[in-house]
Amino acid sequence: MKGLVVALGIFVCPTIVQAGHELDDRDIGAGKVLYKEHCASCHGADLEGAPNWRSPNDDGTLPAPPHDETGHTWHHDNQLLYAYTASGGEGALAERGITNFKSAMPGFADVISEEEIWNILAYIRSTWPKRVQEIQAGMNPPHR
């Protein structure tokens with residue numbers, strides 16, 4: 001029986017896809033174009049974010065953070081990044097029970113498709129150093 005368990009493990013393990021799978025096999029070129037169309041005006045053409053992005057605006061919201069490795073985008077799992085983009089900052093956090101957070105990030109679900117959002121996120125991830133990509137991928141649950 002022990003040999004059977006080991007044999008099954010050999011055949012089951014290869015079916016596990018790397019964590020962060022939602023961003024695998026995406027159209028990074030399309031994501032880059034979409035980023036420039038929908039995101040760059042706030043987050044910067046080079047993903048650099050708004051100046052003073054850590055200092056609140058007069059209304060209490062924070063300016064758009066960088067999406068390069070100097071920001072905190074890579075500190076979040078793919079599902080939160082998707083929800084933030086689709087539902088906006090307040091909407092994404094409200095879905096998780098956080099209702100006392102002000103965000104200037106609008107939702108884009110009515111503007112771009114789910115596939116396009118994933119392409120944008122894949123483009124953003126593709127700009128990070130390999131080490132940062134690996135850390136962020138580790139925040140995502142494995143997919144079978």
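In the predicted model, E115 is partly exposed, with a relative accessible area of 43%. This residue forms a salt bridge with R26, and the closest N and O atoms of the pair are 2.9 Å apart. The pair joins distant parts of the chain, 89 residues apart. E115 belongs to helix α5, which covers residues 114–126, whereas R26 lies in the loop between α1 (2–12) and α2 (28–38). R26 has a relative accessibility of 24% and therefore also counts as partly exposed, since that class begins where the buried class, under 20%, ends.

The count of salt bridges comes to two. Besides the pair of E115 and R26, a salt bridge is found between the side chains of E95 and R96, with an N to O distance of 3.8 Å. This value falls within the 4 Å limit applied to such pairs. E95 is exposed, at 52% relative accessibility, because the exposed class lies over 50%. R96, at 42%, is partly exposed. In general, side chains of opposite charge can pair when their charged atoms come close.

A buried position is provided by T85, whose relative accessible area is 12%. T85 is part of helix α4, which spans residues 78–94. A polar atom of the T85 side chain lies 2.9 Å from the backbone oxygen of L81. When residues up to four places away in sequence are not counted, T85 touches M105, P106, G107, F108, A109, I117 and L121.

Definitions and conventions
Residues numbered from 1 in each chain as written. Predicted model: local features only at pLDDT ≥ 70, side-chain atom pairs only at ≥ 80, totals over all residues. Heavy atoms only, no water. Helix = DSSP H or I, 4+ residues; strand = E, 2+ residues; numbered from the N terminus. Buried < 20%, exposed > 50% of the residue type's maximum accessible area, 1.4 Å probe, protein only. Polar contact = N/O pair within 3.5 Å; in protein donor to acceptor, adjacent residues only side chain to side chain. Contact = heavy atoms within 4.5 Å.
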